[in-house]
Every structure is written in C-alpha cells, then in structure tokens.
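Open your viewer and get ready to click along. We will stop at a few places, and at each one you will hear what to select and what to look for.

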2 protein chains.
Amino acid sequence: MIWSQSGKTREIDLQVRTLAHPGRSELRLDAVLSALSDPVRRQIVSQLADVPGEQACSAFQLPVSKSTSTHHFRVLREAGVIEQHYRGTAILNSLRAADLEAQFPGLLRAVLQAAIKEASATATAARPQAGQLNAEV
Amino acid sequence: MIWSQSGKTREIDLQVRTLAHPGRSELRLDAVLSALSDPVRRQIVSQLADVPGEQACSAFQLPVSKSTSTHHFRVLREAGVIEQHYRGTAILNSLRAADLEAQFPGLLRAVLQAAIKEASATATAARPQAGQLNAEV
DNA sequence: ATCATTGTACGATAAAACTCGTACTACGAA
DNA sequence: TTCGTAGTACGAGTTTTATCGTACAATGAT
C-alpha cells in the first residue's frame, strides 16, 4: 500500500513502531535474573513498581547517559521484565508483574522487597520512613 | 608457637585453612543476584537445596573444568550464598538458607522453584515427575 | 515547513565474567 | 616417605557487559 502525500509517495513507514517482547511462556530465568542483577535496572523496576500507571523513559532519573538508559530498558524488555510501547515520540513502560508471577512466583516481589531493604539500609537516617512496596503483583 | 616434628621446626601452617565469608548483614543483593544468574551456579545451589547435609565440591557433576568449578564455588561463597569449610583435603559446602532468608525473604525459595520449573520444562518427558523443592528454608 | 522532544543506531572503549590448562599446595592413606 | 586425592593459584584467551558520544529518525507542536 502506498500513501501519497504532498506530491511524494511514501511506503507505510507511518505504521506504529513496534517493539519485540518475549511471550509469557518464553521468559528465561537466566535472562530475568541477569536483568535484575544490575542496580540501574533495579532502580527502573523499583520505580515502575512504586508509581502506578505507565511511565515514559524520560520519567526516570538514572545515573547514566541517555544511550545507556536505552540499553538498560532494552535489556529489561528483552528479558520480559517490562512492557514497552510507543505513544507519540515517547515510550511508555510498565512492569510485566503478572507474567513474571505466572512463570516465577514470588520472584519479583522478593527482589523488590530486597531492593527496598538495601536502599533504606544504604540511605540510613536520610528520611524518616519510606518504601512499602506498592507493586500490584 | 612452634611445633617440632621429626627434627625440623615448623610454623603453625598446620592451622586449619579458613575461607572468608561475608557476615549475614553484609550480604549484597547485587552480589547474590549476580551469583544466581549463572546456570552452573544455580545447578550447584539447586543440588545443595535438594540433597540434605554438606557436600564436597567433588560431589557435583558440573559441565565445566575443575578450575572453573573452583571459580563458581568462590563466587557463591563471596556472595554469601554458600558456606564452605575444609575437612581434610575436601571442602564441604552448604547453603546459607537462613542468612539469605533473613536478609532477602522469599528470594532463595523463589529462585529455586523457578529453577525447578525451567529444568522440568527443558527436559520435557524425560522422567515422569520430579523436583519438589526440598530446601530447608 | 520548522523546530523541539524522545528515543534509537552505531561505533568505540573499558571493564567484568567465564573458560581453560598447567603447576602447585594441603591433607590423608599406604 | 611416597603417593593419590581435593582443590587453589596463576596466567591467558574469549565473550559479554556497561558505558559513552555523536549522528540520526519519528512524532507533535508552532
């Protein structure tokens, strides 16, 4: 199918850009654990668990460059930890909590809780109290 | 202290060889997850969970060389996942299930169950039924 | 049309991880 | 004392990973 626009013909590169995701049954423990062993990626996952709703990549204050962020989001997506889809120029991210729970029961919750614990242990006496695990697992 | 033996004096290199372990409160999520993301190491951990009692390194049929095995056991020990101590020329290994449970509740169990699930999914129709998680967590 | 915003693609680099073989140490047994 | 067993130390090779900067593409707003 060809779309004519202002005198020039264009292929349907107008179609929505899609991103590949592994199916629920294709999740690999190897990939998931590797994905979760990086602190930057755990920060992403923790924020996705804490804040309800989808969040754009730009909503994350990561301690790395933009291209490195892209890399980490891709690793999470290809491992099946997060779901990504375009909305305009932005990409909305969400946790695949249900899929993870189906394949690896208790894993995500355990990691999230452990991350909270370490975070509060590291930032000792910074704030009174915080982080109660808000994930909809 | 000097020990005299058959005419020659020797320093107390006779003292039991010790291996360094992180304390319970020193366990790092980063290190634990990294340790558990390698399939060879998960095989070790799974066997330690399945078989009761301590097991020597030589009791494991790993798909790597002897020196590589040493490497993997050390990674697990330094991450605090296993405890190792000498007994004669052998090293006895055991899971630090209680310490892991104290620091990262539910994590070890979730990983072990996930490993069992993947193993049975991979070796489909090999044996009728097996692997019910025998860890004393 | 032009422009700003979001994020990717593509190298490049540096560090970490997994692997091995060989030589070695420590211990127990013969 | 000699020997075999269990595991380590060390150096090296290969692969993966994390990181960055720059150039680019896609979209929505002006």
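A salt bridge is a side-chain nitrogen of Lys or Arg within 4 Å of a carboxyl oxygen of Asp or Glu. Keep that in mind, and note that this is a predicted model, where local features need pLDDT of at least 70, side-chain atom pairs count only at pLDDT 80 or more, and totals for chains, interfaces and linings use all residues. Residues are numbered from 1 along each chain as its sequence is written, chains are lettered from A and ligands numbered from 1 in the order in which they are written, and side-chain values use heavy atoms, with hydrogens and water left out.

**Stop 1: where the chains meet**

Select chain A and chain B. Between them there are 4 salt bridges. For one, show the side chains of B:Glu118 and A:Arg28, which form a salt bridge at 3.4 Å, N to O. The largest share, 7 residues, comes from H5(B).

How many residues does each chain bring to the contact (heavy atoms within 4.5 Å)? Chain B brings 22 residues and chain A brings 22 residues. The buried area (accessible area, 1.4 Å probe, lost on putting the two parts together, summed over both) is about 1700 Å², with 58% from carbon and sulfur atoms. Highlight B:Leu29, B:Leu33 and B:Glu118: they supply 29% of the area that chain B buries against chain A, more than any other three residues.

**Stop 2: the symmetry**

A turn of 180 degrees and a shift of 0.0 Å along the axis does it, with an RMSD of 0.0 Å. That is the relation of a two-fold axis. The same surface serves both copies, as 100% of the contact residues of chain B recur in chain A.

**Stop 3: DNA strand C**

Now select DNA strand C and the 22 residues around it (a heavy atom within 4 Å). A:Lys66, A:Thr70, A:Thr89, B:Ser65 and B:His72 come nearest.

Zoom in on chain B. For a base, click B:Ser67: an N or O atom in its side chain is 3.1 Å from a base oxygen.

Definitions and conventions: Contact = heavy atoms within 4.5 Å. Helix = DSSP H or I, 4+ residues; strand = E, 2+ residues; numbered from the N terminus. Least-squares fit on C-alpha atoms with pLDDT ≥ 70 in both. Polar contact = N/O pair within 3.5 Å; in protein donor to acceptor, adjacent residues only side chain to side chain.
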